[in-house]
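This report describes how the parts of one model are arranged. The sequence and the structure come first, and the description follows.

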Number of protein chains: 2
Amino acid sequence: MSTRTPLSEERIVAAAVDLADDGGLEAVSMRSVAAELDARAMSLYRHVDGKEALVAAMIDAVLGEIDLAEAEADWRTAVGRIARSAYEVIVRHPWMAQVWLAVRPGIHRIQLMEALLGAFRRGGCSRRLSHHALHAVQNHVLGHAITKVTFDGAIEDLEEEGRRFLEGLDEEAHPYVAEHVVEHLEPSDGDDRSDFDFGLDLLLDGVERLRRSG
Amino acid sequence: MSTRTPLSEERIVAAAVDLADDGGLEAVSMRSVAAELDARAMSLYRHVDGKEALVAAMIDAVLGEIDLAEAEADWRTAVGRIARSAYEVIVRHPWMAQVWLAVRPGIHRIQLMEALLGAFRRGGCSRRLSHHALHAVQNHVLGHAITKVTFDGAIEDLEEEGRRFLEGLDEEAHPYVAEHVVEHLEPSDGDDRSDFDFGLDLLLDGVERLRRSG
DNA sequence: AGCGTAAGCGTACGCCGTACGCTAAGATGG
DNA sequence: CCATCTTAGCGTACGGCGTACGCTTACGCT
């Protein structure tokens, strides 16, 4: 016994993702990842090109979890499924929000783009409209994910933190911000799902209108 | 002579922003910032709470550059001016894109939110609509800024890099991505300005429609 | 058995953020 | 004018980081 399973890029990336999922990106160091695998830091370099490449591989591995809604006929529900899945994947791996656009696209990122663009193009959108629609959807997903992650990420008690923020806020000078924060704290009707869908629908309505008008 | 101007939070933050503007966030260390001011690292701690607080101060300082379009009567042109100004500020300080949502909002961030929300609310949008409109505009600005910054940030010759990317791409498997990248490379009709406005108009059209329908 | 190849790792270097405590200069009160 | 207090600046040091370099060990060949 005691012959450990050998290292591989796959195992290293998986260990790094696990570390990042609980502990954030800052918990990922060559030494900590190696320790997770009962190895030493320098051993990783046989399988991975360095820390930057490791992070890129982590990102692409996680993007592979996204549902690309490949058999979906209707373009709008396809885009909806992809967008929601992408959002959920990012929220499941909160560290993604900081970095997913910061590195050169890997294969899964390209497949994600292809799936979204394909849905728009086959749905009858022009090249130019599809171009902007892709960016709009990506921005929406990433923006919402960042907002959610930063809200309940560093903060375990959202309510408490929100109240504290409001206390420090000058409500005379910033009444609308106060209003906005209160809305984030209202639990019932404005849950994540409807918030996300509201913006996405608004956006896809616009795309649909432009699609029809050519 | 030779009595240097004393340190202060303001001077430290300004020096750090300068370093980040040319050299990226990674060029900002307590030692490098101190060196920029002819001082030593530990001296900074008399005026700044540590690196994290320094970065937060850098962000808020830069957000103070945004034009808040305060005297603007028409809500739509006000939002447009604010959004474009914010976009330009981020592009002017490319390191902002990585971090601007990652820290707790400072006073300038709050003023930015207040300006946008005020424009929507005074323009006749409901609380809920203004809430979503704010997020949508923020996402649009940040998303576009990130896209632009990552495109021409690490890449001095955009054209060359795009062609190289296309070479490595399997155009059979990803025809729409190829199309999309080509569109990014086309210089003339699709410049930054019109790209940014196209998405923003699409978005504000949606807001306007919902505003009218109540 | 001998050998080539490659996986794993020990050591060391130059960075980083920052805790701790000293020095020296200026402010304050007599 | 001196004594005392405050505070800006900094020297040193510690633990952690990414990684260059080269050694060792294990394994698959012939």
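This is a predicted model: local features need pLDDT of at least 70, side-chain atom pairs count only at pLDDT 80 or more; totals for chains, interfaces and linings use all residues.

## Interface between chains A and B

The contact between the two chains involves 35 residues of chain B and 35 residues of chain A. On the side of chain B that touches chain A, two or more residues come from each of α6 (107–122), α7 (127–152), α9 (175–185) and α10 (192–213) of chain B. The largest share of that side is from α7(B), which gives 14 residues. Sorted by class, the side of chain B that touches chain A holds 14 nonpolar, 15 polar and six charged residues.

## Nonpolar core

The largest nonpolar core has 119 residues. Those that touch the most other members are A:A16, A:I82, A:L116, B:A16, B:I82 and B:L116. In soluble globular proteins, nonpolar side chains tend to be buried together.

For A:I82, contacts can be listed with the neighbours within four places in sequence left aside. A:I82 is then in contact with A:I66, A:D67, A:L68 and A:A69, and also with A:A115 and A:L116. Of these partners, A:L116 is itself among the core residues that touch the most other members.

## Surface near DNA strand C

There are 15 residues around DNA strand C. The nearest of them are A:L7, A:A39 and A:M42 from chain A, together with B:S29 and B:G50 from chain B. Helix α2 (residues 30–36) of chain B gives the most to this surface, with three residues. By class, the surface near DNA strand C has seven nonpolar, four polar and four charged residues.

## B:L185

B:L185 lies in helix α9 of chain B. Is B:L185 buried or partly exposed? B:L185 counts as partly exposed because it has 14 C-beta neighbours inside 10 Å, whereas a buried residue needs 20 or more.

Between B:L185 and B:R46 there is a separation of 139 residues in sequence. In space, these two residues are 49 Å apart, C-alpha to C-alpha.

Definitions and conventions:
Residues are numbered from 1 along each chain as its sequence is written. Chains are lettered from A and ligands numbered from 1 in the order in which they are written. Two residues are in contact if their C-beta atoms, placed from the backbone, lie within 7 Å. Helices (H or I, at least four residues) and strands (E, at least two) are DSSP runs, numbered from the N terminus. Ala, Val, Leu, Ile, Met, Phe, Trp, Tyr, Cys and Pro count as nonpolar, Asp, Glu, Lys and Arg as charged, and the others, Gly among them, as polar. A nonpolar core is a set of buried Ala, Val, Leu, Ile, Met, Phe, Trp, Tyr and Cys residues joined through C-beta atoms within 7 Å. A residue is buried if 20 or more other C-beta atoms lie within 10 Å of its own, exposed if 12 or fewer, and partly exposed in between; C-beta atoms are placed from the backbone. A residue is near a molecule or strand if its C-beta atom, placed from the backbone, lies within 6 Å of it.
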